[in-house]
Amino acid sequence: CALRPRCEVPAGCGIAELGRECAAARDDPSESLRGATWRRFFRLVEVALRIYEKAPLRGLRRRALERARDWTLERLDKSDGLGAIFPPIVNSIYALRALGLEADDPLVASQVRELERLEIEESTTLRIQPCFSPVWDTALALDTLLDCGLAPDSAPARRAAAWLLDHEVRTPGDWSRKSVGGQVGGWYFEYANEFYPDCDDTAQVVTSLTKLRHPDQAEQGRIEAAILRGTGWLDGMQNRDGGWGAFDRDCDREVLTYIPLADHNAMIDPATVDVTARVVEAYLRSGRAPDSPELARALDFIHRQQESDGSWYGRWGCNYLYGTWLALCALRQAGEEPTTRPMRLAARWLEDCQNDDGGWGESPESYSDPESKGQGASTASQTGWALLGLMAAGEPESFAVRRGVDFLLDRQERGGGWTDEAWTGTGFPEVFYLRYHGYATYFPLMALSTYRRLTFGEDVFAVPVEAVAAQ
């Protein structure tokens, strides 16, 4: 941006209406006084910086560009493109070209190749997916299979575990600036993104690995060492408020969202209930005592975030159905009884949201209109979430659960899975949503497996005895 690169767009190939829309949306009459004040402040700062741009002394800008270039080039290492995700990959191509590199330069060409890997070509249509999600999918698929009866020492389970262990982060990244002295570890989302492990993936991988029993003692020791590193890394990522964000620690200064260059205001990474709930499960599965300081603070955070109607907001899945499911499971696994007020309120909210067909659904509209929370056409994934939440709240024999189970059984496809036409994953609320094609199979199977085991009297929400003993 500082170098002001230009690319002339041929007539008829532009999208001029985007510029008009952006100009019209610059001032929001419903914005709070605090928000409007900060925006005006940053605009004044921008005016001052533009005046500085015209000054003959440009040493500060030159050094800043050199640091930005070096920072970017360093993060191309051990990554499938900058950040292994579409927006920074595209921006890195712009940046390298603006710095004077030709289109055939090896660095530029490498980033173009990473962009092309994200292409999905179907007939006459070419689309770009935002990134790959193999670590996330492998951990969820392994967890699902183990819940459904796959032997914890089976060859498929061991192969999946070995693949996950090979993708563990073993070098410090940007997170280490705030996690002073924190354990190096964790897992990222994509095939390669060494600088950016995240708490959600790390918690899910740890949870999945704790369910394995490798027949080779050396390999079992390797698994247990990775679990210890993963939970140790999560220790260093806990926020002051007791929760966990996705990628960073205490990245919650709202003022940053008012900077004019903010990318759809997604400039911060505050703690969320859904990520925190996954970490709670990972801790408990790995042997952390329910009354440990880390868990006590996390559970207090979850309780504080519950809304008056009993639901919880879901940041990374759509939306209140996602957050409520994960919160209920975390509380139950930590020993909270289904008879408590938070559990009863949440169970009642889930039951009230059930559709006439027996399923559950929620549209992304609930992010901009909370009055529509829990409302939408039934989907297999969201029905799985609601069922898991209700069963955690002590309702496995309820009429609502039975209807939800029937909904899933009636809609299972000949190949064994389910298909969701609606998008139930969240990238950035009100901006960008995702379709995880595996969600429509993972979560219905988890729900049906949990229902089956509860029917046979197994307490699936209890902390495993061997995990407590391992502590």
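These are my notebook entries on a predicted model of one protein.

**Entry 1: overall build**

I began with the whole chain. I counted 18 helices and four strands in the protein. Its radius of gyration is 24 Å, close to the 23 Å that the globule rule gives for 471 residues, so the protein is as compact as a globular protein of that length. I then looked up the box filled by the C-alpha atoms, and along the principal axes this box is roughly 75 × 55 × 50 Å.

Next I looked up burial and surface. Of the 471 residues, 47% count as buried. The accessible surface comes to about 24,100 Å², and 54% of this surface belongs to carbon and sulfur atoms. I also checked contacts between residues at least 6 apart in sequence, and 66% of these contacts join residues at least 24 apart.

**Entry 2: helix 2**

I picked helix 2, residues 33-53, to look at one helix in detail. Helix 2 has 21 residues and reaches 30 Å from its first C-alpha to its last, close to the expected 30 Å.

Which residues of helix 2 are buried? I found Gly35, Ala36, Arg39, Phe42 and Glu53 to be buried. Seen down the axis of helix 2, these buried residues fall within an arc of 125 degrees, so they line one face of the helix. Leu33, Arg40, Leu44 and Ile51 are exposed on the other side of helix 2. I noted that the list has Arg39 as buried, whereas Arg40 is exposed. What covers the buried residues of helix 2 includes helix 3, residues 59-74.

**Entry 3: salt bridges**

Side chains of opposite charge can pair when their charged atoms come close.

Arg402 is partly exposed at 33% relative accessible area, and Asp406 is partly exposed at 30%.

My next pair was Arg240 and Asp252, whose closest N and O atoms are 3.9 Å apart. Arg240 and Asp252 are twelve residues apart, and each lies in the loop between helix 9 (217-237) and helix 10 (273-285). Is Arg240 buried or exposed? Arg240 counts as exposed because its relative accessibility is 60%, and the cut-off for exposed is over 50%. Asp252, at 29%, counts as partly exposed.

The last pair was Arg453 and Glu458, which meet in a salt bridge of 3.7 Å, N to O. Salt bridges that share partners join Asp143, Asp147, Lys211, Arg453 and Glu458 into one network. Arg453 is buried, with a relative accessible area of 17%, whereas Glu458 is partly exposed at 40%.

Most residues other than glycine have a negative phi, and most peptide bonds are trans. I looked for exceptions to both.

Ser123 is not a glycine, yet its phi is positive, about 55 degrees. Ser123 lies in the loop between strand 1 (119-122) and strand 2, and it is exposed at 71% relative accessible area.

Glu430 also has a positive phi, about 70 degrees, without being a glycine. I placed Glu430 in the loop between strand 3 (425-428) and strand 4 (432-434). Glu430 is exposed, with a relative accessible area of 55%.

Where is there a cis peptide bond? I found one from Cys318 to Asn319, with omega near -20 degrees. Asn319 lies in the loop between helix 11 (293-305) and helix 12 (320-333).

**Entry 4: two single residues**

I looked up Ser133 in the loop between strand 2 (125-128) and helix 6 (134-147). Ser133 counts as buried at 16% relative accessibility. Leaving out residues up to four places away in sequence, Ser133 touches Phe189 and Tyr436.

My last entry is Cys7, in the segment before helix 1 (16-24). Cys7 is exposed, with a relative accessible area of 67%. I compared Cys7 with Phe86: they are 79 residues apart in sequence and 20 Å apart in space, C-alpha to C-alpha.

Key. Residues numbered from 1 in each chain as written. Predicted model: local features only at pLDDT ≥ 70, side-chain atom pairs only at ≥ 80, totals over all residues. Heavy atoms only, no water. Salt bridge = Lys/Arg side-chain N within 4 Å of Asp/Glu carboxyl O. Helix = DSSP H or I, 4+ residues; strand = E, 2+ residues; numbered from the N terminus. Buried < 20%, exposed > 50% of the residue type's maximum accessible area, 1.4 Å probe, protein only. Expected span 1.5 Å × (residues − 1). Arc of directions from axis to C-beta. Contact = heavy atoms within 4.5 Å. Rg over C-alpha atoms; globule rule 2.2 N^0.38 Å. Areas by Shrake-Rupley, 256 points an atom, 1.4 Å probe, with all protein chains shown as cover.
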